[in-house]
Amino acid sequence: MGHYMRFNYRIVKFIVANIANDENEQKKIKEETGRETIIGDRRFYFGMLRAQWSNVEFELILVNSLYSENHKFKELILKYDVLDMEVTDNPTPEIFKLKDSMDKFVAYRELIEIKK
C-alpha cells in the first residue's frame, strides 16, 4: 500500500504546487519558485481525486496520514481540506472540526481535530 499512499500524496502535492487561486498567488509562486502555474479551483481538483477513491481507500488515506512518518501528507490534508471533512463555517478556525456527515470517523476524531 505504500506506493499507493505515496502516489496520492504526490497528486495532492502537485495540485497544491501547480494550481494558484488568483493572479497574485500565481505571481508569488512564479517569483519564489520560477514555476508557471495555472489559475483554478484546487477544491475542484481535490474533488476529482476523491471521486476515484472508494470509502475504504478514503479511510486508508486518512489513517495513513495520521502516522507521524507521514506528517507532510497530514499537513497538506489539514491545510487544504483535501478530504473535504472540515466544517467551513467553524467559528474558531484555528481548530480542525469534522463535519457531522463524517460520523464514520468518530473513532479518529481526537487524532484529527488538532490545532492548526
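Q: In what order do the elements of the protein chain run from the N terminus on, and what makes a stretch a helix or a strand?

A: Starting at the N terminus, the order is α-β-α-β-α-α-α-α, which comes to six helices and two strands. Helices are DSSP runs of H or I with at least four residues, strands are E runs of at least two, and numbering starts from the N terminus. Please keep in mind that this is a predicted model: local features need pLDDT of at least 70, side-chain atom pairs count only at pLDDT 80 or more, and totals for chains, interfaces and linings use all residues. Residues are numbered from 1 along each chain as its sequence is written, and side-chain values use heavy atoms, with hydrogens and water left out.

Q: Why is Ile61 called buried?

A: Buried means under 20% relative accessible area, exposed means over 50%, and partly exposed lies in between (1.4 Å probe, protein chains only). Ile61 has 0% relative accessibility, so it counts as buried. This residue of helix 4 is in contact (heavy atoms within 4.5 Å) with Tyr4, Met5, Asn8, Trp53, Phe73, Ile77 and Leu83, leaving aside neighbours within four places in sequence. Ile61 and Met1 are 60 residues apart in sequence, yet 9.9 Å apart in space, C-alpha to C-alpha.

Q: Which class does Glu57 fall into, and why?

A: Glu57 is in helix 4. Its relative accessibility is 23%, so Glu57 counts as partly exposed. Not counting residues up to four places away, Glu57 touches Tyr4 and Gln52.

Q: Why does Asn18 count as buried?

A: The value for Asn18, in helix 1, is 17% relative accessibility, and therefore Asn18 counts as buried. Beyond its neighbours within four places in sequence, Asn18 is in contact with Arg35, Glu36, Thr37 and Ile38. Across the protein chain of 116 residues, 34% are buried.

Q: What makes a set of residues a nonpolar core, and which members of the largest one touch the most others?

A: The members must be buried Ala, Val, Leu, Ile, Met, Phe, Trp, Tyr or Cys residues, joined through side-chain atoms within 4.5 Å. The largest nonpolar core has 19 residues, of which Val12, Phe46, Trp53, Ile61, Phe73, Ile77 and Leu83 touch the most other members. Helix 1 (2-18), helix 3 (42-51), helix 4 (55-66) and helix 5 (71-80) each give two or more residues to this core, and helix 1 gives the most, with six. Leaving aside neighbours within four places in sequence, Phe46 is in contact with Val12, Ile15, Val16, Tyr80 and Val82.

Q: What makes a space a pocket, and which residues line the largest pocket?

A: On a 1 Å grid over the protein atoms alone, a pocket is an open set of points where a 1.4 Å probe fits, with protein on both sides within 12 Å along at least five of seven lines; lining residues have an atom within 4 Å of a point. The lining of the largest pocket is Gly2, Met5, Arg6, Tyr9, Arg10, Asn64, Glu69, Asn70, Lys72 and Phe73. Helix 1 and helix 5 are the elements that give two or more residues to this lining, and helix 1 gives the most, with five.

Q: Which residues of helix 5 are buried?

A: They are Phe73, Lys74, Leu76, Ile77 and Leu78. Just after helix 5, Asp81 takes a positive phi of about 50°.
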